Amino acid sequence: MSDHDYRPKSKVGQWFNDRLPLLTLANHLTDYPTPKNLNYWWTFGGILTFCLITQIVTGLTLAMHYIAHADMAFESVEHIMRDVNYGWLIRYIHANGASMFFLAVYIHIFRSLFYGSYKSPREIIWILGIIIYLLMMAAAFMGYVLPWGQMSFWGATVITNLFSAIPLVGEGIVTWLWGGYSVDNPTLTRFFTLHYLIPFLILGLVVLHIWALHVPGNNNPVGIDIKKPSKDTVPFHPYIVIKDGFALLMFMIVFAFFVFYAPNILGHADNYIEANPMVTPAHIVPEWYLLPFYAILRSVPDKLLGVVAMLSAILILAVLPWLDTSKIRSAVFRPLYKQFYWILVADVLILGYVGAMPAEGLYLLIARVATAYYFLHFLVILPVLGFKEKTLPVPLSITEPVLGGSPNLAAARNKESKIE
Amino acid sequence: MSEKKTERRDFLFTATTAVGAVGAAAVVWPMIDQMNPDASVKALASTEVDVSSLTPGNTLTVLWRGKPVFIRRRTQEEIDEARSVKMEDLIHPEKDEDRAKNPEWLVMLGVCTHLGCVPLNDKGDYNGWFCPCHGSHYDTSGRIRKGPAPWNMEVPKYEFVNENTIKIG
């Protein structure tokens with residue numbers, strides 16, 4: 001790689017870089033050859049980095065005012081909202097930031113699914129991403145418990161009780177998680193500790209995620225391997241920096257809309273009632289970003305199997321690179337996969353919708369069909385499609401379709417060299 | 001290299017690993033066990049409840065170990081209904097006679113065995129309890145009849161200290 005030859009211009013820079021090659025790293029990041037056809041769906045990596053940093057900064061400041069005690073947590077959150085200078089702003093950014101984080105991560109994941117970014121040689125990037133996603137869900141769940149409202153308390157009760165489905169040791173595990181015989185102060189303090197820890201674990205995994213990305217380089221909308229650096233690439237800075245920056249600005253408009261105009265629309269009114277272990281709210285729903293999995297949990301009439309189905313729905317993603325047998329990455333050249341992709345998108349949205357509805361009657365039936373289809377997509381359709389599907393011819397380079405789509409390599413090269 | 005030397009080294013490796021593993025386990029266990037219920041939590045093991053004001057057909061809910069406990073003074077119809085159910089019709093077969101030693105009094109944890117919500121009183125298809133979270137129906141003996149919950153609501157250890165007082169735990 002060319003960036004190993006990098007040498008800082010100044011004497012001081014050279015002295016420093018010989019001892020700690022940070023400037024070499026910075027040079028690698030700015031010069032990093034990026035496919036020149038990346039579209040706006042590729043800007044969500046940068047947006048997610050922004051989300052993570054926003055959550056860490058606002059979380060740190062909230063932790064200066066929050067009190068992790070069952071008797072004081074609810075009041076301390078109200079204290080933040082009413083008394084602390086700009087406390088309302090910081091808390092609304094943090095609470096809506098979690099939703100924005102998940103919005104961005106879902107777009108990021110579905111971009112991967114469409115363009116086959118999880119396929120060889122990018123399996124490790126993908127699996128690291130799934131681990132990050134799991135940690136995000138854990139962090140979001142525990143964060144939601146901290147205000148100690150009714151939804152906090154009963155959400156925590158329901159989710160921790162999932163472990164009681166494990167035969168023999170289940171009850172013991174739940175008691176151990178609670179530190180008592182119900183969700184109570186010991187549960188709150190440990191959730192606060194873990195909620196504080198997990199973002200930093202995510203940060204470490206993000207570094208690995210990007211490191212693993214920089215080995216093969218970015219996938220791209222055409223989904224072909226490209227030589228780098230070459231005519232098919234542009235340096236990360238300034239090209240991608242500017243594009244990511246523009247997308248981030250657009251994203252921040254949406255973010256700001258929620259923070260300033262609808263800060264509670266994604267939350268649940270019951271969480272402004274202090275936790276009461278004697279009364280369960282009439283309708284317990286998790287935050288919107290967990291609804292599809294909640295629908296899968298409820299669609300199975302057996303307790304243990306419901307929990308197994310819900311966990312499988314997430315973990316199945318980790319083996320996706322091996323379930324998808326097609327050698328072609330991008331859905332652009334897979335006419336059948338493209339249709340199944342959009343059916344899956346619709347399926348997940350439907351699961352999300354019925355997850356928010358009561359688990360009875362027609363809703364339950366829809367949830368069951370959608371759950372069955374979800375697994376069918378990954379376990380049957382994807383493996384079979386790789387063998388059966390007639391894919392479209394894939395261009396030889398990113399430049400080729402732009403400069404005249406001859407499938408003939410020599411002709412395409414000729415044309416390119418003439419233009420140059 | 002002689003064979004004897006290799007064996008000696010193998011033994012050292014195995015012994016070191018074994019001692020290291022035991023040491024690591026000895027350090028890890030306190031880190032895990034500190035999360036289990038502590039002495040102060042365990043100390044709150046029993047509660048005494050005055051039930052003199054409870055009339056038939058009513059339920060008292062008290063907190064025991066952070067969990068609600070239903071104390072139901074049942075009417076004769078409720079008792080008859082609970083005792084007439086055939087064992088084959090039950091998901092988790094338990095006789096009402098075993099659940100309520102004194103038929104008028106039903107004492108049980110008000111915790112749905114599905115995912116731990118508090119079921120609602122006098123609701124559901126079996127005139128007992130209904131859990132609003134995921135739709136489990138319980139009968140007048142607190143036994144699961146319909147829905148995702150796997151077991152009947154749990155009957156804790158309790159006794160009548162005197163005519164008007166129940167000691168739970």
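Author: A crossing counts as left-handed if the near helix is turned anticlockwise from the far one by less than a right angle, and as right-handed if clockwise. The model discussed here is predicted.

Reader: In which hand does α11(A) pass α12(A)?

Author: The axes of α11(A) and α12(A), the latter spanning residues 303-315, lie 7 Å apart. The two helices pack at an angle of about 145°. By the rule for the near and far helix, the crossing of α11(A) with α12(A) is right-handed.

Reader: How many nonpolar, polar and charged residues has the contact of α11(A) with α12(A)?

Author: From α11(A) come F293(A), I296(A) and L297(A). They meet G306(A), V307(A), A309(A), M310(A), A313(A) and I314(A) of α12(A). The contact has 8 nonpolar residues, 1 polar and no charged.

Reader: Which three residues supply 33% of the area that chain A buries against chain B?

Author: Between chain A and chain B about 2300 Å² is buried, with 64% of it from carbon and sulfur atoms. The share of 33% on the side of chain A, more than any other three residues supply, belongs to W176(A), Y181(A) and M278(A).

Reader: How many salt bridges are there between chain A and chain B?

Author: In contact are 27 residues of chain A and 27 residues of chain B. The rule finds 9 residue pairs in polar contact across the interface. The side of chain A that touches chain B has 15 nonpolar, 8 polar and 4 charged residues. For salt bridges between the two chains, the count is 0.

How values were computed:
Residues numbered from 1 in each chain as written. Chains lettered and ligands numbered in written order. Predicted model: local features only at pLDDT ≥ 70, side-chain atom pairs only at ≥ 80, totals over all residues. Heavy atoms only, no water. Contact = heavy atoms within 4.5 Å. Buried area = accessible area lost by both parts, 1.4 Å probe. Salt bridge = Lys/Arg side-chain N within 4 Å of Asp/Glu carboxyl O. Polar contact = N/O pair within 3.5 Å; in protein donor to acceptor, adjacent residues only side chain to side chain. Nonpolar A, V, L, I, M, F, W, Y, C, P; charged D, E, K, R; others polar. Axes fitted to C-alpha atoms, helices over the stretch in contact; angles between N-to-C directions. Helix = DSSP H or I, 4+ residues; strand = E, 2+ residues; numbered from the N terminus.
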